[in-house]
Amino acid sequence: MTSTRPPITLDDVRDAAARLKGVAHRTPVLRSRTLDRIVGAETLLKCENFQRVGAFKFRGAYNAASRLTSEQLARGIAAYSSGNHAQAVALAARELGTSAVIVMPEDTPRSKRAATEGYGAEIVTYDRYTGDREAIGEALAAERGLALIPPYEHPHVMAGQGTAALELLEEAGELDAVLVPVGGGGLIAGSATALKGLRPGIRVIGVEPETGDDTKRSLEAGRRIEISVSRTIADGQAAPTPGELTFSVNRRLVDGIVLVSDDEIRAAMRFAFERLKIVVEPSGATPLAALLAGRVDRLPRRVGVIVSGGNIDTGRFAELCGEAG
């Protein structure tokens with residue numbers, strides 16, 4: 001008899017929260033009267049740019065890595081990532097006393113590569129436009145006998161990411177909707193599991209860059225759609241297709257996907273810096289961009305936003321936010 005149990009449940013997210021207590025930061029929830037006035041709703045920002053490694057990814061990476069056996073930890077961990085998951089796995093490995101080897105695109109922002117190396121990881125590069133990072137990572141892990149922790153296609157990773165939304169609800173109380181950035185789908189899968197588990201009527205809305213709308217197309221088609229590798233400033237959302245596990249969750253729990261342009265992302269980054277006094281990377285700014293650009297239909301009274309990260313070097317930040325866009 002085939003099991004109908006979903007890949008993760010609310011209990012899995014709660015278990016991850018217990019495991020992360022005292023290890024991951026409980027990040028702040030910020031408010032802005034100016035933002036509320038502009039968008040016409042009470043808006044609460046869960047600021048994962050203040051998380052360890054500067055992004056939500058540490059939650060899932062540590063939750064997964066901490067469950068490895070002593071034998072697996074002795075051999076080491078492998079991962080593939082455009083940047084934030086790389087840093088998260090590298091730090092998790094260091095915290096657990098093991099080593100990490102990370103497959104990263106050649107064009108990864110310098111700050112993300114330097115931070116990953118700073119946590120002690122070995123880096124193997126590839127061309128994101130011609131190479132298959134999953135195949136490269138799986139082959140590397142098999143060759144070296146390493147435990148592979150993917151960036152989103154893993155139940156423990158998804159459950160760990162969902163703890164950000166769990167904390168948001170605990171602090172914010174009643175919310176009518178939550179906006180979440182979507183790349184491979186792990187953050188929104190974990191978030192939707194937590195949010196719908198505690199508030200069945202809440203709307204969970206994903207946000208993708210216009211040129212990286214693989215999840216939107218997939219939800220509309222009812223099956224996973226593959227697109228060309230997205231060329232967008234939101235490099236953390238450049239997955240060509242949703243994960244199989246993440247999509248199985250998101251097709252049940254996510255209420256819709258909205259799209260934002262690179263110019264709208266730049267405007268949101270500038271707003272966050274000038275009005276909220278925080279630095280947000282392009283992928284982390286997409287939900288804020290969706291609000292500021294009026295992309296959400298029937299905007300409810302109280303809205304949560306997962307600001308997923310703030311990893312961007314000063315030169316790139318100045319380049320993007322200095323444009324009139």
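Strand 7 (residues 177–181) is largely enclosed by the rest of the structure, because 5 of its 5 residues are buried. The model discussed here is predicted. Ala177, Leu179 and Pro181 point one way from strand 7, while Val178 and Val180 point the other way, and all are buried. In a regular strand, side chains alternate between the two faces of the sheet.

With strand 10 (residues 302–307), strand 7 pairs in the parallel sense over 3 bridges; here alanine 177 is the bridge partner of valine 303.

Leaving aside residues up to four places away in sequence, leucine 291 touches Val39, Thr43, Leu179, Val296, Leu299, Val303 and Val305. In soluble globular proteins, nonpolar side chains tend to be buried together.

The aromatic pairs number 2. Their geometry is given below.

| Pair | Centre to centre | Angle between planes | Class |
|---|---|---|---|
| Phenylalanine 58 and tyrosine 62 | 5.7 Å | 35 degrees | tilted |
| Phenylalanine 273 and phenylalanine 317 | 5.3 Å | 65 degrees | edge-to-face |

Phenylalanine 58 and tyrosine 62 are both located in helix 3 (residues 57–65), 4 residues apart, about one turn of the helix. Both phenylalanine 58 and tyrosine 62 are buried.

The planes of phenylalanine 273 and phenylalanine 317 stand at 65 degrees, so this pair is edge-to-face, the cut-off for that class being over 60 degrees. The pair links distant parts of the chain: phenylalanine 273 lies in helix 13 (residues 262–276) and phenylalanine 317 in helix 15 (residues 314–321), 44 residues apart. Phenylalanine 273 has a relative accessible area of 42% and is therefore partly exposed, whereas phenylalanine 317, at 11%, counts as buried. The cut-off for burial is under 20% relative accessible area.

Methods: Residues numbered from 1 in each chain as written. Predicted model: local features only at pLDDT ≥ 70, side-chain atom pairs only at ≥ 80, totals over all residues. Heavy atoms only, no water. Phe/Tyr/Trp six-rings, centres within 6.5 Å; stacked < 30°, edge-to-face > 60°. Helix = DSSP H or I, 4+ residues; strand = E, 2+ residues; numbered from the N terminus. Buried < 20%, exposed > 50% of the residue type's maximum accessible area, 1.4 Å probe, protein only. Pairing = 2+ DSSP bridges. Contact = heavy atoms within 4.5 Å.
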